[in-house]
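Please read them with the structure open.

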Amino acid sequence: MNLLIIEDEIDLLESITEFLVSESFSVESVTAYSMAEEKVTLYDYDCVVVDINLPGGSGLDIIRKLKSKNKDAGVIIISAKNSLDDKLIGLDIGADDYLTKPFHLSELNARIKSIIRRRGFKGSNEKKFNELTVQFDNRRLFVNEKEVVLTRKEYDLLLYFIMNEDKVLSKEDIAEHLWGDDMSLTADSFDFIYNHIKNLRKKLIDNGCEDYIKTVYGIGYKFSEE
């Protein structure tokens, strides 16, 4: 799952990033308003964690920018101010949660997972698709109740497909989701994506799953029963 952390306190930013990476999230981070504005304009995230007070602008305006572009990311505000006005404004313009500094990293992690479950899993820890069961919190996959071991990228790819059922995903979309800022490494060749999809498809089929990963020629892929 892709996260964007917008925080100008470097030590805190590094601590948040290190902790969330250890929880198997893909994390990008920025320290200023202009950088954050560019990120939310160009890329899609599952959840954005944003400080209100940023060099060059307000985190509230970043949330407004995000919502104006109909981005579906969850939003958590983090702030040193326990201000009711800021909290009400933030929630009113589309934030999902508000966390006052200082906070425990484990609490931030729990709130991020809660938002993603609400948005992508309808509040559940599991996502079922016919014979497939994906468990979000512990990153496990079962086919016909038998566990199938996936690599991190294979799991991220499967989750991305399932959460975008019946949507055509371009190779660029998939590359951005899997590699974030590092997607330029795959820009000249999509062999990386092809290999991950080939390996994921083989594991699913070998374990008794139908082939739901459809190739949309000239565009990308779709996860569908059709």
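Predicted model: local features only at pLDDT ≥ 70, side-chain atom pairs only at ≥ 80, totals over all residues.

1. Aromatic pairs. A search of the whole structure gives 4 aromatic pairs. One of them joins Phe-129 and Tyr-212. Their ring centres are 4.8 Å apart, and the planes stand at 80°. The pair is edge-to-face because the angle is over 60 degrees. It links distant parts of the chain, 83 residues apart. Phe-129 sits in strand S8 (residues 126-129). Tyr-212 sits in the loop between helix H8 (191-206) and strand S13 (213-216).

2. Burial of that pair. Are Phe-129 and Tyr-212 buried or exposed? Phe-129 has a relative accessible area of 6%, so this residue is buried. Tyr-212 is at 7% relative accessibility and therefore counts as buried too. The cut-off for buried is under 20%.

3. A stacked pair. Phe-161 and Phe-223 also form a pair. Their ring centres are 6.1 Å apart, with the planes at 20°, so this pair is stacked. The cut-off for stacked is under 30 degrees. Phe-161 belongs to helix H6 (residues 152-163), and Phe-223 belongs to strand S14 (residues 220-223). The pair therefore ties together parts that lie 62 residues apart in sequence. Both Phe-161 and Phe-223 are buried.

4. One cluster. Which residues form the aromatic cluster? Phe-129, Phe-161, Tyr-212 and Phe-223 form one cluster. Look at these four rings together on screen.

5. Helix H6 against helix H7. Phe-161 also takes part in the contact of H6 with H7. The axes of H6 and H7 (residues 171-179) come within 10 Å. They cross at roughly 130°. H6 and H7 are therefore oblique to each other. The crossing is right-handed.

6. Residues of that contact. H6 contributes Lys-153, Asp-156, Leu-157, Tyr-160 and Phe-161. H7 contributes Asp-173, Ile-174, His-177, Leu-178 and Trp-179. How many of the residues in the contact of H6 with H7 are nonpolar, polar and charged? The contact has 6 nonpolar, 1 polar and 3 charged residues.

7. A cis peptide bond. The bond from Lys-101 to Pro-102 is cis. Its omega is near -10°. Pro-102 lies in the loop between strand S7 (97-100) and helix H5 (105-120).

8. His-104. His-104 is found in the loop between S7 and H5. At 60% relative accessibility, His-104 counts as exposed. The cut-off for exposed is over 50%. His-104 and Leu-84 are 20 residues apart in sequence. In space they are 21 Å apart, C-alpha to C-alpha.

9. Positive phi at Ser-24. Phi of Ser-24 is near 75°, a positive value in a residue other than glycine. Where does Ser-24 lie? Ser-24 is in the loop between helix H1 (10-22) and strand S2 (26-30). At 21% relative accessibility, Ser-24 counts as partly exposed.

10. Positive phi at Arg-139. Arg-139 is another residue other than glycine with a positive phi, near 55°. Arg-139 lies in the loop between strand S9 (132-135) and strand S10 (140-143). Its relative accessibility is 23%, so Arg-139 counts as partly exposed.

Notes
Residues numbered from 1 in each chain as written. Heavy atoms only, no water. Phe/Tyr/Trp six-rings, centres within 6.5 Å; stacked < 30°, edge-to-face > 60°. Helix = DSSP H or I, 4+ residues; strand = E, 2+ residues; numbered from the N terminus. Buried < 20%, exposed > 50% of the residue type's maximum accessible area, 1.4 Å probe, protein only. Axes fitted to C-alpha atoms, helices over the stretch in contact; angles between N-to-C directions. Parallel < 35°, antiparallel > 145°, perpendicular 65-115°, else oblique. Left-handed = near helix turned anticlockwise from the far one by under 90°. Contact = heavy atoms within 4.5 Å. Nonpolar A, V, L, I, M, F, W, Y, C, P; charged D, E, K, R; others polar.
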